[in-house]
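Thanks, everyone. Please look at the sequence and the model on the screen. I'll walk through the residues one at a time.

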Amino acid sequence: EGVRTEETYKTFGMPVSEDVIVAVIDSGVDVNHEDLQGKIWINSGEIANDGIDNDANGFIDDVFGWNFIGGKDGMAKI
């Protein structure tokens, strides 16, 4: 059944052509690993580690995305 693409096309029509980036990465990914260089998406609207939400999307320093399972600080809730 997957994401029910055919049903979505029937309901909303064919999508407008634009790039959409979606990724699910498990914890413990080394974004600096040599095999991942040039393959990890970077949010160009953010300045790393400045403590400011540069792109005004509600997430501070979300350079490589965000941990949506975590709290406001991006850390996992225990």
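Start with Gly 45, which is found in the segment after α1. A word on terms: helices (H or I, at least four residues) and strands (E, at least two) are DSSP runs, numbered from the N terminus. This is a predicted model, in which local features need pLDDT of at least 70, side-chain atom pairs count only at pLDDT 80 or more, and totals for chains, interfaces and linings use all residues. Residues are numbered from 1 along each chain as its sequence is written, and side-chain values use heavy atoms, with hydrogens and water left out.

Back to Gly 45. The cut-offs: buried means under 20% relative accessible area, exposed over 50%, and partly exposed in between, with a 1.4 Å probe and protein chains only. Leaving aside neighbours within four places in sequence, Gly 45 is in contact with Asn 54 and Asp 55. Contact here means heavy atoms within 4.5 Å. Gly 45 and Val 63 are 18 residues apart along the chain, and their C-alpha atoms are separated by 8.0 Å.

Next, Asn 43. This residue also has its place in the segment after α1. Asn 43 is buried, at 9% relative accessible area. What does its side chain do? One polar atom of the Asn 43 side chain lies 3.0 Å from the backbone nitrogen of Gly 45. The Asn 43 side chain also makes a polar contact with the side chain of Asp 55, at 2.7 Å. A polar contact is a pair of N or O atoms within 3.5 Å; within protein, one must be able to donate a hydrogen and the other to accept it, and residues adjacent in sequence count only if both atoms are side-chain atoms. Not counting residues up to four places away in sequence, Asn 43 touches Asp 55, Asn 57, Asp 62 and Val 63. Asn 43 and Gly 65 are 22 residues apart in sequence, with 7.1 Å from C-alpha to C-alpha.

Now Glu 46, again in the segment after α1. Glu 46 is buried, with a relative accessible area of 8%. Which residues does Glu 46 touch, not counting residues up to four places away in sequence? The list runs Ile 52, Asp 53, Asn 54, Asp 55, Asn 57, Phe 59, Ile 60, Asp 61, Asp 62 and Val 63.

Ile 47 sits in the segment after α1 too. Leaving aside its neighbours within four places in sequence, Ile 47 is in contact with Asn 54, Asp 61 and Val 63. Ile 47 and Ile 60 are 13 residues apart in sequence and 9.3 Å apart in space, C-alpha to C-alpha.

Some backbone angles next. Asn 49 lies in the segment after α1. Asn 49 has a positive phi of about 60°, although it is not a glycine. Asn 49 counts as exposed, at 73% relative accessibility. Then Asp 61, in the segment after α1. Its phi is near 55°, a positive value in a residue other than glycine. Asp 61 is partly exposed, at 22% relative accessible area.

What about the helix itself? Helix α1 covers residues 5–12. Of its eight residues, the number buried is zero, so α1 lies largely in the open.

Last, the whole chain. The protein chain has one helix and zero strands. Buried residues make up 9% of its 78 residues. Take contacts between residues at least 6 apart in sequence: 5% of them join residues at least 24 apart. The accessible surface comes to about 7100 Å², and 55% of that belongs to carbon and sulfur atoms. Accessible areas come from the Shrake-Rupley method with a 1.4 Å probe; for residues, only the protein chains shown count as cover.
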